[in-house]
Amino acid sequence: MSEQFRVVFSGFKPGTDSQAAIEQLAAKLKVSEQKVADFTSGKPLFGPADKQKCLKQAKLLAVYGIQSKLQAQTSSAAGVAQNAANERVFDALDYITSSLIRIEEKLDELEQRIDGKQVQNEQSEEDEWEDETLFSELELDSEPPKRSKKLLYILLSLLVLLLVVLGISLAFPELVPM
């Protein structure tokens with residue numbers, strides 16, 4: 001990452017009409033005169049850039065009689081730490097998502113196995129029971145109970161909980177320990 005600089009106002013050249021210089025620079029840059037006037041009072045006119053670009057900006061200001069100097073911009077350690085924390089959160093979210101996809105695939109596979117075993121068990125039971133007298137005693141009108149999807153609901157609630165925690169950590173990053 002290259003070092004960033006900013007052009008700051010240091011004064012007018014001797015013999016320069018300050019109001020005329022402000023008007024001419026505002027016309028050249030196509031910005032309001034107020035913004036250029038704010039630059040002369042200490043506010044930035046240009047954003048941080050590399051050294052070559054800032055030198056060109058300083059030359060432009062010198063053409064209009066405005067003296068300036070380059071000021072190095074220090075990168076914020078808090079911004080870097082925040083970016084690192086955001087990256088860790090996104091990595092965790094990616095891991096959670098891929099884990100949930102693998103779990104869902106395993107559940108589908110288990111469901112297919114269970115369905116296959118039930119079909120095999122029904123076929124073997126049909127072969128063993130050739131006598132229909134036993135069936136006459138059973139109630140055949142009732143439907144079999146539906147399978148419980150308890151595990152699926154637990155996983156979905158876990159996913160919702162993790163997404164809530166992720167949302168809180170993104171909304172309030174100061175709560176996340178570094």
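1. Which helices each supply at least two residues of the lining of the largest pocket? They are helix H4 (77-128) and helix H6 (150-171), where a helix is a DSSP run of H or I with at least four residues, numbered from the N terminus.

2. This is a predicted model, in which local features need pLDDT of at least 70 and side-chain atom pairs count only at pLDDT 80 or more, while totals for chains, interfaces and linings use all residues. Residues are numbered from 1 along each chain as its sequence is written, and side-chain values use heavy atoms, with hydrogens and water left out.

3. The largest pocket is lined by 17 residues, and those nearest its centre are Leu107, Glu111, Leu151, Leu152 and Leu155. A pocket here is an open set of points on a 1 Å grid over the protein atoms alone, where a 1.4 Å probe fits, with protein on both sides within 12 Å along at least five of seven lines, and a lining residue has an atom within 4 Å of a point. H4 gives the most to this lining, with nine residues.

4. Helix H1 (residues 18-29) packs against helix H2 (residues 33-40) at an angle of about 125°, and their axes are 8 Å apart; axes are lines fitted to C-alpha atoms over the stretch in contact, and angles run from 0 to 180 degrees between N-to-C directions.
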